[in-house]
Amino acid sequence: MLSHLRGLTTRGRAFLAAGLTALLAGVGLDQPVLLRAGLLVLVLPLLASALIGRTGYRLTMSRDIDPPTVPVGQPAQVRLTLANSAAPPRGVLLVEDLVPYSLGTRPRFFLSGVSREWRRTVDYRLRSEARGRFTIGPVSVRATDPFGLVEYARSFRSTSMLTVTPRVVPLRGIPIGGAWTGSGDNRPRAFATGSAEDVTVREYRRGDDLRRVHWRSSARVGELMVRREEQPWQSRATIFLDNRIGAHRGSGISSTFEVAVEAAASIGVHLIHRGFLVRLVTATGENTGPQWHVRDEETNRRSLLDALAVVGLVERAQLETSWLVESGHSGTVVAVLGRTTQADSRVLRRMAAHAGSALAIGLEVDTWVGGTATAAPVSGLGMLGWRAAPYRAKDKLPLVWEQLGRSGQGTRAAAGTHAGTERGGR
């Protein structure tokens with residue numbers, strides 16, 4: 001009883017206080033009518049607590065989000081299904097689903113007419129103007145007695161995930177260039193004492209089917225080897241996103257970093273549709289997703305957008321370049337840059353040197369936060385081996401992308417001449 005009395009509502013506490021006051025006044029003034037009225041008002045919350053406590057109420061809940069991944073600004077439909085397999089609660093059920101603040105107010109539903117073997121579904125929509133991965137739930141259920149004196153609260157533990165990906169802007173095809181490199185299993189491993197069978201195996205990569213493991217070769221070389229499969233040659237592209245705090249301005253959805261993320265998503269999806277295998281690299285190195293180890297276009301697209309949905313700003317002074325050594329690939333690199341410094345020139349030159357084709361979009365970050373451009377981020381990139389185009393606040397990404405395509409490859413030749421002169425000077 002005491003545990004249920006803790007669920008007294010404001011009305012229930014008022015009844016309890018009024019009944020106790022009337023009871024004491026009736027005893028003190030020797031007024032039987034007042035005594036009986038106070039006793040009735042005092043007992044009513046206690047009876048309501050007993051009624052709620054004896055309710056054998058077993059609710060089950062399931063939640064479906066359709067679709068579980070949506071672009072920024074697009075709605076997702078959430079369906080809650082509740083069922084009762086025991087005696088019905090008396091009164092009304094208040095169902096509330098917990099959602100992050102950025103997705104709006106918590107959806108609430110009042111359900112009545114609950115009976116044994118009762119089942120009910122309720123729907124609501126979620127829409128986010130900010131990308132991210134959000135936890136939906138848990139659901140809380142509150143039952144009240146018919147007089148609203150006592151409240152019985154329970155909470156489910158299950159939660160669901162909603163992923164909001166960056167907005168993707170359609171882009172037109174432009175001349176990209178770059179070397180075409182084999183994908184997947186195009187590079188066999190050679191053995192000094194190998195047989196013809198050894199030529200058809202390669203190192204194991206995360207995500208490979210274990211049924212393809214070649215145990216004899218694995219035992220000989222001391223590491224897992226898998227059988228190669230002949231695959232067509234396919235071009236690869238790297239989307240480099242500078243996510244350093246110092247490279248961007250603004251905050252929230254109006255920051256220049258969000259503009260850069262949207263540009264990276266649009267370019268990445270465009271390249272995937274053109275047949276590229278695309279991976280994401282940030283200032284901290286390569287994303288851990290499986291972009292370059294899957295050939296399915298939809299899987300590659302989903303992996304890229306999922307990674308961009310959660311990428312954030314980092315406190316970092318210099319750009320990470322270990323991915324250049326580890327990858328060993330010379331495909332196309334498309335960089336989305338914010339504010340760059342002279343200290344970044346060496347890294348950017350090295351990135352361009354490792355790329356079959358190096359393209360860059362540079363955000364003039366000052367124009368995006370109400371200022372004027374003080375230094376174009378693309379200035380000097382031509383001498384570093386990049387084809388570059390500026391991206392200002394009033395520009396449209398498709399037009400910037402087309403301008404990048406018209407930039408030509410003369411800067412690439414100039415960069416090669418400049419680099420050769422430097423090497424010769426040394």
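A residue is buried when its relative accessible area is under 20%. By that criterion Y391 is buried, because its relative accessible area is 7%. The structure described here is a predicted model. Its chain has 426 residues, of which 44% are buried, and its secondary structure comprises eleven helices and 18 strands. Among contacts between residues at least 6 apart in sequence, 72% join residues at least 24 apart.

- Strand β17 spans residues 357-363, and seven of its seven residues are buried, so the strand is largely enclosed by the rest of the structure.
- Both faces of β17 are covered: S357, L359, I361 and L363 are buried on one side, and A358, A360 and G362 are buried on the other.
- β17 pairs in the parallel sense with strand β16 (residues 332-337) over six bridges, and V336 stands opposite I361 of β17.
- Together with helix α8 (residues 345-354), β16 and β17 make a right-handed β-α-β unit.
- β17 also runs parallel to strand β18 (residues 387-391), to which five bridges join it.
- The bridge partner of L363 in β18 is Y391.

**Aromatic pairs**

- Two aromatic pairs are found in a search of the whole structure.
- F109 and Y124 form a tilted pair, with 6.1 Å from centre to centre and 40 degrees between the planes.
- F109 belongs to strand β5 (residues 108-111) and Y124 to strand β6 (residues 118-126), so this pair ties together parts that are 15 residues apart in sequence.
- F109 counts as buried because its relative accessibility is 17%, and Y124 is buried at a relative accessible area of 8%.
- W368 and Y391 form an edge-to-face pair, with 5.2 Å from centre to centre and 85 degrees between the planes.
- This pair links distant parts of the chain, since W368 lies in helix α9 (residues 365-368) and Y391 in strand β18, 23 residues apart.
- W368 is partly exposed, with a relative accessible area of 22%, whereas Y391 is buried, at 7%.

**Nonpolar cores**

- In soluble globular proteins, nonpolar side chains tend to be buried together.
- The largest nonpolar core in this model has 38 residues, and those with the most contacts inside it are L241, I267, L271 and L308.
- The elements that give two or more residues to this core are β13 (236-241), α5 (256-273), β14 (277-282), α6, β16, β17, β18 and α10 (397-406).
- The greatest contribution to this core comes from α5, which gives eleven residues.
- Leaving aside neighbours within four places in sequence, L308 is in contact with R131, P166, L241, V261, A264, A265 and L280.
- A second, separate core has 28 residues, among them V122, F134, I136 and V164.

- Strands β2, β10 and β7 form an open sheet of three strands in the order β2-β10-β7, with mixed pairing.
- β2 (69-71) and β7 (132-136) are the edge strands, each pairing on one side only.
- From one strand to the next, the twist of this sheet averages 25 degrees.
- β7 runs antiparallel to strand β10 (residues 160-165), and five bridges join the two.
- Within this pairing, S160 of β10 is the bridge partner of I136.
- Helix α6 (residues 297-310) lies across β2, β7 and β10, and runs at about 95 degrees to β10.

**Four-stranded sheet**

- A further open sheet has four strands in the order β5-β4-β8-β9, with antiparallel pairing.
- Its edge strands are β5 and β9 (151-155), and each of these pairs on one side only.
- Strand β8 (residues 139-144) and β9 pair in the antiparallel sense over five bridges, and the bridge partner of A143 in β9 is Y152.

Note on methods
Residues are numbered from 1 along each chain as its sequence is written. This is a predicted model: local features need pLDDT of at least 70, side-chain atom pairs count only at pLDDT 80 or more; totals for chains, interfaces and linings use all residues. Side-chain values use heavy atoms; hydrogens and water are left out. Two strands pair if DSSP finds at least two bridges between them. Axes are lines fitted to C-alpha atoms, for helices over the stretch in contact, and angles run from 0 to 180 degrees between N-to-C directions. Contact means heavy atoms within 4.5 Å. Buried means under 20% relative accessible area, exposed over 50%, partly exposed in between (1.4 Å probe, protein chains only). A crossover is right-handed if, with the strands pointing away from the viewer, the path from the first strand over the helix to the second runs clockwise. Rings of Phe, Tyr and Trp (its six-membered ring) pair if their centres lie within 6.5 Å; planes under 30 degrees apart count as stacked, over 60 as edge-to-face and the rest as tilted. A nonpolar core is a set of buried Ala, Val, Leu, Ile, Met, Phe, Trp, Tyr and Cys residues joined through side-chain atoms within 4.5 Å.
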